[in-house]
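Here are my notes on the model, as numbered points. Please read them with the structure open.

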Amino acid sequence: MNPIRIIAAAAAVALVPVALTACSSGSGGGGGGGGGGSTLTIEDYYQASYDPIYQTCAKQVGAKVKINHVAGAGLIAKVLQQASSRTLPDVLMLDNPDVQQIAASGALAPLNDYGLNADGLVPAVKAANSYKGDLYGLEPVTNSIALYYNKKLLSDAGVTPPKTWDELRAAAKKLTSGKTYGFAMSNINTYEGTWQFLPFFWSNGGDEKDIATPQATQALQFVLDLQNDGAMSKSSINWAQADVDNQFIAGKAAMMINGPWQLPSLNAAKGLEFDSVPIPTRTGDPTVAPLGGEAFTVPQTRDKDRMKLAAKFVGCLSSAKMQTTIAGVTGNVPTNESAADEWAKSHPQVASFVTTVKTARARTGELGPDWPKAATKIYTAVQLALTGKAAPSAALQQAQSQSQ
Amino acid sequence: MTVSARAGVAAGPLVASGRPGRSRARLASGVTRWLFIAPAVVFVAVFFGYPVVKNVLMSFQDYTTRTFFTGEAPWVGLANYAQTFGSAVFTTTLVNTALFTIGSIVMQFVIGLGLALFFRRNFPLSGFLRGLLLLPWLLPLIASSAVWKWLLDQDSGAINQFLGLFGVPAVPWLVSPGLALVAVIGVNIWLGIPFNTTILYSGLQSVPPELYEAASLDGATGVKAFRYVTWPSIRSVVSVVIVLGIVYTLKVVDIILGLTGGGPANSTQTLATNAYHQSFVNFEFGIGAAISNVLIVVSFLFAVVYISISRKAADE
């Protein structure tokens, strides 16, 4: 159907012997395989702590790697620039909601062509990384958000971790005293704010295709109620997730919504005892939270041999064994369901995230590359409601009709 | 500069008489003149001309992430402009841009002039204090906006803690849609004071002291001296400061992004931040280009004012 696809497939078939040689050279310890001399360039926004992981997989597929860590905020701009100058790296890490947008531009190679699939991974990973039926990225590890709570403050107030909205509201009210708010979350006017509101929005039946629904209104009203009760600071509309974490560590919030990437800072805080539970829902049903984490993709670089090797490399990163290694380095959750269950047993601090990720939803699952527009509308509605500029239902309607 | 060079070249052939040797020399000197202006022309064309032309073209195209890989940017005519002007946010950003610019410029100028007049008197440590005044200018913008964000925090910010000593309840500086713009303007005023003070101070230094002596003999001291001596003498400096200030303030992005990111609920969104947001957050480069073209036109009007003022000053 697609000529390029056919050529790619033909090339893939032609390269099988080469790949096999590369494979055997990897396990045999020899350096003379077909792909053995290749150097893969990798681009991500991680830290140097990721380098040993790359080296392990490089050894396994028989390649050398050149690792390029860029600043998180600058990655997409750099990718676009590289796309136009045809200098994309061999292996590209992307934040999962960006995968479909970049795939839509034609810059990425479908991973199915290289025999990779998302079988055995949590369902949202496939939804997030597929575009028009093809898989473009694989996430070795993922994350989501949950409700952290300060054990000491809760036991002092005689509060148990909440499971429903009513319980959460009552707990937040009870835990508010003096300079301590019962609850904190980020409602900032960026995608971070949208990401934090989504568990309330989705779990209650909200949908990004039409945000002005009674279910969405109910979710927004709930967050507004927390603020009106005085249980959530009015500053939440200006807090990024890192700010929320700081409030929690400083003891100014008894509960907060945040992700597992904050665990290092939380564990480093002296005298802070904390735990987490999945974010409460109105009915107590399982939470539908957004799927986080970054995917590894193989850009179209015209060098078929290297692309094939890059795909093997991505497959290696996503193998169950490597997932556990990566989770150990990053504190995230393996996407392989059985690996994740094992992980939860040995790492109780991430257990609530493992639970949440299973029922998580991909932000781009429904709208694909159009997700950013919906995300902008959602945080705009949250801001309109929390600043008192409009009541929740009017805020959602206003944000929905806003053309940009 | 370009104008005078063109006049020179045009004058060349007219003056040239029939002698071949002379005309060759004329030609050589004409070429030399062009060579002298070539660096400036190339610089302007590459670093100003190309981006502006590209920006104008982009605003008529559906320029998205896809374009970077495929190179295809379908021509959409005025659709980007229609969407920009038709958006509910556009009016808000326009009003905010006007309020932000006027508020910043007026206060920066008044405070800057006051400080410049104050520092004209020599007193112990005046040089040191004047140096200290430059500090806001020397700090990286993103760092000072982060510090201001902490200072202005509603619950634990230093400013509210201080006001609390006098029994003032916590002011929602960056949180209330009504106050956020005021807070952002305030920070921008703080940032702009060094520029205004420095330029106005140097303007004041150039006023000859004899004028004041003569004026005081005529009975003009204090406010009258300012009204009849100082103000007329620094008027051209004043107009330069104000026009440059307007152009700088119109395009402020970093301080707003650092403090509020345009929020809460778009209450501090200006043309510049909205253009940034469309281009680099939503990746709608066509719409971003359309908004920034509106900004360019506004800035250009003030640039024309600046040029005519400085030319008038040069003529005087």
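Helices and strands here are DSSP runs, numbered from the N terminus; a helix has at least four residues and a strand at least two. The model is predicted.

1. L125(B) sits in the loop between α5 (88-120) and α6 (126-132) of chain B. Its phi is positive, about 70 degrees, although L125(B) is not a glycine. Most residues other than glycine have a negative phi. Please look at this loop on screen.

2. The peptide bond from G263(B) to P264(B) is cis, and its omega is near -10 degrees. Most peptide bonds are trans. P264(B) belongs to the loop between α13 (254-259) and α14 of chain B.

3. Now the interface. On the chain B side, 37 residues are in contact with 36 residues of chain A. The two chains, B and A, bury about 2800 Å² between them. Carbon and sulfur atoms account for 49% of that area. Three residues stand out: F68(B), F69(B) and A265(B) supply 24% of the area that chain B buries against chain A, more than any other three residues.

4. What polar links join the chains? There are 14 residue pairs in polar contact between chain B and chain A, counting pairs with both residues at pLDDT 80 or more. Four helices of chain B each supply at least two residues of the side that touches chain A: α3 (65-70), α4 (79-86), α14 (271-280) and α15 (285-315). The most comes from α3(B), with five residues. By type, the residues on this side of chain B divide into 14 nonpolar, 18 polar and five charged.

5. How many salt bridges link chain B and chain A? The count is one. E284(B) pairs with K373(A), and the closest N and O atoms are 3.5 Å apart. Side chains of opposite charge can pair when their charged atoms come close. Over all chains, a search of the whole structure finds twelve salt bridges.

6. One of the salt bridges lies within chain A. D156(A) forms it with K152(A), at 3.2 Å between the closest N and O atoms. Both D156(A) and K152(A) lie in helix α7 (residues 151-157) of chain A. They are four residues apart, about one turn of the helix.

7. Chain A has an open sheet of five strands, in the order β2-β1-β3-β12-β6, with mixed pairing. Which strands are at the edges? They are β2 (64-69) and β6 (137-138) of chain A, each of which pairs on one side only. Inside the sheet, β3 (residues 91-95) and β12 (residues 294-297) of chain A pair in the antiparallel sense over four bridges. L92(A) has T297(A) of β12(A) as its bridge partner.

8. Two helices belong with this sheet. Helix α3 (residues 51-61) of chain A lies across β1 (39-44), β2 and β12 of chain A. Its direction runs at about 155 degrees to β2(A). Helix α4 (residues 75-84) of chain A also packs on the sheet, where it touches β1, β2 and β3 of chain A. The angle between α4(A) and β3(A) is about 140 degrees.

9. Chain A also has an open sheet of four strands, ordered β9-β10-β8-β11, again with mixed pairing. β9 (181-184) and β11 (274-277) of chain A stand at the edges; each has a single partner strand, so one side of each is left without a neighbour in the sheet. On average, neighbouring strands of this sheet are turned by 20 degrees against each other, direction ignored.

10. Y149(A) stands opposite M255(A) in β10(A). Helix α11 (residues 241-249) of chain A lies across β8, β9, β10 and β11 of chain A. That helix, α11(A), runs at about 155 degrees to β10(A).

How values were computed:
Residues are numbered from 1 along each chain as its sequence is written. Chains are lettered from A and ligands numbered from 1 in the order in which they are written. Side-chain values use heavy atoms; hydrogens and water are left out. Contact means heavy atoms within 4.5 Å. Buried area is the accessible area (1.4 Å probe) that two parts lose on being put together, summed over both. A salt bridge is a side-chain nitrogen of Lys or Arg within 4 Å of a carboxyl oxygen of Asp or Glu. A polar contact is a pair of N or O atoms within 3.5 Å; within protein, one must be able to donate a hydrogen and the other to accept it, and residues adjacent in sequence count only if both atoms are side-chain atoms. Ala, Val, Leu, Ile, Met, Phe, Trp, Tyr, Cys and Pro count as nonpolar, Asp, Glu, Lys and Arg as charged, and the others, Gly among them, as polar. Two strands pair if DSSP finds at least two bridges between them. Axes are lines fitted to C-alpha atoms, for helices over the stretch in contact, and angles run from 0 to 180 degrees between N-to-C directions.
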